[in-house]
Amino acid sequence: MMVRSKTSVVLLILQCCWAFHSPKQWAGKINRGFGHAMNKQSKLASFQVPPDTVGDSEDLPTSARDDIGEVNYGKKLGLKRQIAVVGAPQTLLEDEDEIQISKMNITQVMTELQAIQSQGPKKYCILGTRHCSFLHQQIVEMLTYALVLSGNHVFTSGAQGTNAAAIRGALRAFQPNLLTVVLPQSMSKQTLESQDLLQDVTNVITMPQNDQMPLDVASRICNSHLLSQTDHLISFAFHESTTVLEAAEEAHKLEMLVTLLYLD
């Protein structure tokens, strides 16, 4: 203990002597320490919150204070979320009570499996709405072109829109024997555009006995004849296309393969 105390005393004496001989250095250190403390104090002062210059709510008019109201953080907003109905995207549902899960008919399943496994050409009936966009017409043309090119027989009617696109696509395959067009009435009842297109078709069946009937009635008779000659129905329709949807329902009753594509 005595050794440590003597050593500390000696060091203290040496420091005092050194400070006595170089007072300017000690004065600089003291000034730097004092300046550092003043800078630190000024930085702390800059973080002080300035006095409120807006004023109290009592300085506001009465109407403005009434509009402020009170905030209740525990109260939840009455927001209602819509529950997404997951199902067939091609089916319109007006009410949730109308949602029904129908069991698939075992006969329909077996028919589809047999069609997948079977080889060889088939007879396709292509029907659709008259109000078909240009893009959808191109899709129908490519479909019928591929079907005829692969040896399948395509049946359709002579109306504009989907049926006319089916005729143009089948004619591109240059196999006229694989295209049959059935008209609901005589040739003279068709539009000039349809008559010009049908001039290149070899197999055209007309129904002049239906000339005195309304067009929708004659179209139903024509569609029934087309379904009786084919194995698979491909329909392009809107949800308001009554005649086309009735043909699809009739094809289901005949236990045919039905591909129903909605455009809306």
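Author: Start with burial: buried means under 20% relative accessible area, exposed over 50%, and partly exposed in between, using a 1.4 Å probe and protein chains only. This is a predicted model, in which local features need pLDDT of at least 70, side-chain atom pairs count only at pLDDT 80 or more, and totals for chains, interfaces and linings use all residues. Residues are numbered from 1 along each chain as its sequence is written, and side-chain values use heavy atoms, with hydrogens and water left out.

Reader: Is C222 buried or exposed?

Author: C222 is buried, at 1% relative accessibility. C125 is buried too, with a relative accessible area of 0%.

Reader: How many disulfides are there?

Author: A disulfide is a covalent bond between the sulfur atoms of two cysteines. The cut-off here is a pair of cysteine sulfur atoms within 2.5 Å. The whole structure has zero disulfides. For C125, the nearest cysteine sulfur is that of C222, 8.5 Å away.

Reader: Which residues lie nearest the centre of the second largest pocket?

Author: Rolling a probe the size of a water molecule over the atoms shows where empty space is left. On a 1 Å grid over the protein atoms alone, a pocket is an open set of points where a 1.4 Å probe fits, with protein on both sides within 12 Å along at least five of seven lines; lining residues have an atom within 4 Å of a point. G128, R130, A159, L215 and S219 lie nearest the centre, out of 27 lining residues.
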